[in-house]
Amino acid sequence: AAAAGDAGGKGKGAGERGKDGANGSGSGTSTGNPAPPPEMPNGFKHYAADVYNTSSERDNTPGHFDLWFQRFTASGVHVPFDDCDKTGKHAPGKKVMFLRSKIAVKRFLENLGLEA
């Protein structure tokens, strides 16, 4: 199996740039907020906003990778995806600790008025 964070060339992997070019490097946003840390515990790499991702290759199907997306505060505390279901769709009062697809993350961020 590949190391966590290794996307093996399938789709956008851990640590790669999102549509907005964010990858955890740079001087921050236009509002003066500092750039998010590029990496969190367990090899999670910055994806977009406060969302980080990691991946691992499946043992039984080489070349296929599973993705995990989690939210972290700037100090590294894991926080839930608030008001959404496991597919990232708006679900008031519901919380999930991780999402498993880029589409789910995009939905979640769009509900916040952000772009993935």
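# Notebook: strands, helix and core of a predicted model

**Overall make-up.** The model is predicted, and local features need pLDDT of at least 70, side-chain atom pairs count only at pLDDT 80 or more, while totals for chains, interfaces and linings use all residues. Residues are numbered from 1 along each chain as its sequence is written, and side-chain values use heavy atoms, with hydrogens and water left out. Along the sequence I read the pattern β-β-β-β-β-β-α.

I then looked up burial, where buried means under 20% relative accessible area, exposed over 50% and partly exposed in between (1.4 Å probe, protein chains only). Of the 116 residues in the protein, 34% are buried. For contacts I used heavy atoms within 4.5 Å. Among contacts between residues at least 6 apart in sequence, 37% join residues at least 24 apart.

**The sheet.** I followed the strand pairing next, two strands being paired if DSSP finds at least two bridges between them. Four strands form an open sheet in the order β1-β2-β3-β4, with antiparallel pairing. β1 and β4 (78-79) are at the edges with a single partner strand each, so one side of each has no neighbour in the sheet. I checked where the helix sits: α1 packs on the sheet and touches β1, β2 and β3. The direction of α1 makes about 25° with that of β3, where axes are lines fitted to C-alpha atoms, for helices over the stretch in contact, and angles run from 0 to 180 degrees between N-to-C directions.

β1 and strand β2 (residues 51-57) run antiparallel and are joined by three bridges. I noted two facing positions: Lys45 is opposite Asn53 in β2, and Ala48 is opposite Val51 in β2. The two strands form a hairpin with two residues between them. In the turn, Ala49 has a positive phi of about 50°.

His46 is in strand β1 (residues 45-48) and counts as buried because its relative accessibility is 2%. A polar atom of the His46 side chain lies 2.8 Å from the backbone oxygen of Ala49. I took a polar contact as a pair of N or O atoms within 3.5 Å; within protein, one must be able to donate a hydrogen and the other to accept it, and residues adjacent in sequence count only if both atoms are side-chain atoms.

I listed the contacts of Leu99, leaving out residues up to four places away in sequence. Among them are Leu67, Trp68, Phe69, Phe81, Val105 and Phe108.

**Aromatic pairs.** I searched the whole structure and found four aromatic pairs. Rings of Phe, Tyr and Trp (its six-membered ring) pair if their centres lie within 6.5 Å; planes under 30 degrees apart count as stacked, over 60 as edge-to-face and the rest as tilted. Tyr52 and Phe72 form an edge-to-face pair, 5.7 Å centre to centre with 80° between the planes. Tyr52 is in strand β2 and Phe72 in strand β3, 20 residues apart. Tyr52 is buried at 1% relative accessibility, and Phe72 is buried at 5%. The ring centres of Phe81 and Phe108 are 4.9 Å apart and their planes stand at 85°, so this pair is edge-to-face. Phe81 lies in strand β5 and Phe108 in helix α1, so the pair ties together parts 27 residues apart in sequence. Phe81 has 0% relative accessibility and is buried; Phe108, at 3%, is also buried. I also noted one aromatic cluster formed by Phe44, Tyr52 and Phe72.

**Lys95.** I ended with Lys95, in strand β6 (residues 90-96). Lys95 counts as exposed because its relative accessibility is 56%. Leaving out residues up to four places away in sequence, Lys95 touches Pro80, Phe81, Asp82 and Cys84. The C-alpha atoms of Lys95 and Val79 are separated by 9.6 Å, with the two residues 16 apart along the chain.
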